[in-house]
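Biologist: I have just opened this one and would like a walk through it. Could you take me around?

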Amino acid sequence: MKRIMNPRIDEKAYTKKPFLIERRDFLKYLGGGIVILFAPLGGCHSKIAATSLPLNALPDDFNSFLHISEEGLVTCYTGKIEMGQGPIIALAQMMADELDVAFENVKMVMGDTELCPWDDGTWGSTSIREFGPEMRKAAGKAREILLQMASEKLKVPVSQLQVTNGIVTDMKDNSRSISYATLTKGKKIQKSSIGKPKVKDAKDFKVIGKPHHRVDAIQKVTGAAKYAGDYKFPGMLFARIVRPSSYGAKFISADTSEAEKIEGIRVVRDKDLVALLHENRDKVDEAIVKVKAEFLPVKLDVNDKSVTEHYLRSAKKGNITNTKGDIEEGRKIAAKITESVYYDGYVAHSPMEPHAAVATIEGDKITVWASAQTPFLVRDQVSHELGISPDMVRVIIPFVGGGFGGKGDNPQAIIAARLTKLTGKPIMVTWTREEEFFFDTLRSAALHTVKSGISKEGKITFWDFNAYYCGDRGAETIYDVNHQKTTIYDQEEGDPQVHPFATGPWRAPGNSNNTFAREMQICQMAAAAGMDQIEFRLKNLADERMIKVLKAAAEKFGYTPAKGPSHRGFGIALGTDVDTYVAVIIELRVDAKTGHVQVVRASCAQDMGMCVNPLGTLMQIEGCITMGLGYSLSEELKFEGTNMLTRNWDSYEIPKFSWVPDIDAVILDRMDQPPHGGGEPAVICMGGAIASGIFDATGALLYQMPMTPERVLQAIKKTSAQ
Amino acid sequence: MQETISFHLNGNETVLKTDPSQTLLWVLRNHLNLTGTKYGCGSGFCGACTVIIDKEAVRSCSIPISDVAGKNVITIEGLAKDGKLHPVQQAFVDHDALQCGYCTPGMIMNAVALLIKNPKPAREQIVKGMEDNFCRCGAHIRIIKAIETAASKIEGGTIL
């Protein structure tokens with residue numbers, strides 16, 4: 001594998017002085033060459049339609065564009081950002097392949113609202129799944145144009161041309177060739193990808209599907225990679241905000257007199273915002289604890305132990321998302337019925353990099369460097385908050401130190417912008433770890449009631465699945481059941497506040513909860529049927545893709561069937577996430593004295609459609625399996641009413657080196673299919689796999705995540721008592 | 001209150017006139033522009049701010065700058081020599097032992113300190129030595145492999 005040394009993120013573009021580019025001025029900024037405009041979001045989007053183009057200009061609409069410079073270098077401008085999942089690599093691979101240029105000659109410019117056209121945000125595996133295919137079409141269009149130009153220059157038909165590393169050659173006479181750089185020199189061409197540009201067939205891929213190393217590794221191992229908190233400007237002040245002691249509490253007053261005794265401290269008050277500023281971070285940290293603030297707390301009678309009853313009390317009528325047959329009919333023909341309730345607590349994103357933003361003001365123009373998954377939302381939020389035009393706000397997202405869905409809302413960026421406007425100084429707002437836990441948009445706690453039955457032959461006769469407050473992603477059963485119903489109970493607009501805290505998407509939102517409940521129910525039914533858990537699944541699956549994935553995982557794992565509990569500690573879970581099919585089989589050990597669970601090895605099989613970067617995919621599978629150990633075994637936020645008790649990693653244990661199993665994976669060859677994404681799927685399986693592994697090891701049934709040593713011991717005791 | 005504090009930083013004699021109660025972390029980041037050392041938790045739990053002081057891994061968020069007077073401090077920026085990556089850095093690159101990269105400098109500094117103490121660690125010793133450096137992306141397996149590779153390539157006594 002070739003190691004690419006040059007960074008993909010254009011640091012020079014980021015450090016340029018803030019400037020304003022109108023959409024129609026893109027070409028001026030870029031200079032000569034070829035520009036292809038494309039619209040991964042499809043059609044006209046209100047956000048971008050707002051900026052009008054001159055009458056003679058191209059299209060109606062676009063979200064991104066690629067540029068082939070007069071030097072033959074290819075740059076893709078996209079609002080997507082890089083937070084570890086590696087679109088910076090895979091997107092460049094797709095571009096290089098489609099254009100037949102060297103990977104090194106492709107550059108991604110990401111997450112800059114002034115250079116990159118509008119984008120809704122980086123989440124849900126959309127970078128590769130939605131953006132990727134449209135980018136390929138744009139590249140296909142560029143290739144068409146370049147080949148046409150080459151055909152005219154070389155005076156041979158397009159069908160007689162081939163391209164390697166950006167050099168177009170006459171297939172009948174190898175001595176006759178011309179480079180993209182020569183073709184684009186002095187040209188100013190702009191086109192859109194509208195129409196149906198030809199893209200390569202899978203059999204012709206040269207770069208897509210080949211493993212590619214990370215392109216940002218050198219920057220990241222030398223400390224040169226810049227994150228939002230690493231920027232510094234003359235006169236910059238660090239801000240700390242006076243925070244309420246509980247969530248949603250209303251500001252009454254803040255006495256800052258003691259804090260102000262520290263030399264150099266400035267206090268800014270604006271409506272309910274009270275901020276301390278200092279040129280040294282330690283000094284502002286020292287000052288903030290001296291502020292005596294008063295807030296009126298919001299009362300909510302719920303804590304981490306009573307949250308599920310609170311849910312049942314709060315839940316409105318459920319929304320039936322899927323129904324087939326008649327549950328009562330299925331119940332009548334059942335030989336055995338399993339009824340279970342599954343519980344799950346609130347979980348934090350807990351990225352290593354806390355939320356950070358630095359804002360500067362120059363004239364009336366605000367520039368914000370932020371740790372965020374949503375550059376354009378930051379721009380709109382800042383513009384709204386300050387009452388200025390979005391054109392007067394530039395947002396730049398450098399490397400992000402982990403997001404996992406937790407960096408979609410951007411309060412730190414808004415406050416930095418407010419403070420820079422109020423003071424005229426560059427302002428840095430980086431959350432402390434305590435603030436990160438407190439203001440995180442948490443993964444919601446969840447509750448499931450599941451009723452199901454099996455026939456004497458081990459066929460599922462009915463499936464009644466009710467999910468509370470975790471959404472419908474992955475809720476519909478993957479099994480072939482004639483009588484089935486899925487009901488989702490969730491917060492609807494206008495409902496009273498159910499959660500004491502802000503909640504939001506967490507890697508594969510809701511799917512980990514839904515998959516845990518479903519797969520643990522399956523584990524119980526397999527045992528009730530006296531069957532091996534894979535054989536039981538195969539008997540009840542009809543979806544060929546799912547069957548293939550399960551068999552591939554079993555083969556990779558070296559699985560042999562046995563009725564559970566087999567005392568081998570083999571756990572299994574499967575599911576789908578945005579049309580990627582995934583199965584994970586693990587081997588674990590349970591310490592019957594302490595209740596400690598150690599996952600020893602894990603095998604994952606994934607049908608994700610086209611896999612652009614198998615190495616990147618493997619890293620995501622490893623990451624998902626490792627991260628999944630946390631919500632399954634240890635991660636749980638403790639709270640009392642609106643007061644968050646968990647405020648740092650001493651009371652919130654994320655996976656550590658000694659927890660991590662050996663991991664292997666098989667990615668099914670589906671290169672002829674569209675890509676479905678790989679940044680999230682495997683994480684959904686870990687709860688179900690571990691719960692069924694504990695059952696297989698000990699016969700104990702776990703209904704609640706995280707499966708802490710105490711809960712495991714309790715379940716083992718209950719089993720022995722029976 | 002300002003004090004003059006001098007110490008060796010990445011091979012250079014460094015003299016600072018500064019408030020001695022500030023943490024090494026923020027002095028490095030804010031005064032010396034060495035932003036490779038990261039803030040993670042501010043309480044010494046996560047290891048993102050790890051630097052090496054007199055051959056020991058130290059969490060720079062938890063010590064005042066006055067404590068490093070006269071000492072030898074190495075940060076992530078001081079590892080590569082003559083444009084060549086340190087073997088641990090190179091091994092992290094070769095194994096793709098990172099995703100978001102935010103924990104990476106702290107991981108590497110901790111690993112280098114580990115190898116100074118034990119140049120040929122067994123896998124379990126690596127796990128134990130790295131246990132309290134946190135990574136949220138799940139690069140752990142690759143980090144262990146990278147440290148094994150680096151250990152196999154470093155000749156005795158040349159770790160720093």
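Modeller: What follows goes from the chains to their contact, then to domains and helix pairs.

Modeller: This is a predicted model, in which local features need pLDDT of at least 70 and side-chain atom pairs count only at pLDDT 80 or more, while totals for chains, interfaces and linings use all residues. Residues are numbered from 1 along each chain as its sequence is written, and chains are lettered from A and ligands numbered from 1 in the order in which they are written.

Biologist: How many helices and strands are there in chain A?

Modeller: Chain A has 20 helices and 29 strands, where helices (H or I, at least four residues) and strands (E, at least two) are DSSP runs numbered from the N terminus. The radius of gyration of chain A, taken over C-alpha atoms, is 28 Å, close to the 27 Å that the globule rule (2.2 Å times the number of residues to the power 0.38) gives for 722 residues, so chain A is as compact as a globular protein of that length. Its C-alpha trace spans about 80 × 80 × 45 Å along the principal axes.

Biologist: And what pattern does chain B follow along the sequence?

Modeller: Chain B, with 5 helices and 5 strands, reads β-β-α-β-β-β-α-α-α-α. Its radius of gyration is 15 Å, close to the 15 Å from the globule rule for 160 residues, so chain B too is as compact as a globular protein of that length. The C-alpha atoms of chain B fill a box of roughly 45 × 30 × 25 Å along the principal axes.

Biologist: How many residues does the contact take from chain A and from chain B?

Modeller: It takes 45 residues from chain A and 43 residues from chain B, two residues being in contact if their C-beta atoms, placed from the backbone, lie within 7 Å.

Biologist: Which helix gives the most on the side of chain A?

Modeller: That is α18(A), with 6 residues; α7 (217–222), α9 (281–288) and α18 (614–633) of chain A each supply at least two. The side of chain A that touches chain B divides into 18 nonpolar, 15 polar and 12 charged residues. Here Ala, Val, Leu, Ile, Met, Phe, Trp, Tyr, Cys and Pro count as nonpolar, Asp, Glu, Lys and Arg as charged, and the others, Gly among them, as polar.

Biologist: Switching topic, which domains does the assignment give for chain A?

Modeller: It gives domain 1 (11–222), domain 2 (230–297 + 355–430) and domain 3 (315–346 + 442–721), with bounds from an automatic or database domain assignment. The contact between domain 1 and domain 2 of chain A takes 17 residues from domain 1 and 21 residues from domain 2, and the domain 1 side has 7 nonpolar, 6 polar and 4 charged residues.

Biologist: Now a helix pair: at what angle do α16 and α17 of chain A pack?

Modeller: Helix α16 (residues 533–540) and helix α17 (residues 544–557) of chain A pack at about 165°, with their axes 10 Å apart. Axes are lines fitted to C-alpha atoms, for helices over the stretch in contact, and angles run from 0 to 180 degrees between N-to-C directions. Angles under 35 degrees count as roughly parallel, over 145 as roughly antiparallel, 65 to 115 as roughly perpendicular and the rest as oblique, so α16(A) is roughly antiparallel to α17(A).

Biologist: Which residues make that contact?

Modeller: A:Ile534, A:Arg537 and A:Leu538 of α16(A) meet A:Ile547, A:Leu550 and A:Ala554 of α17(A), which divide into 5 nonpolar, no polar and 1 charged.
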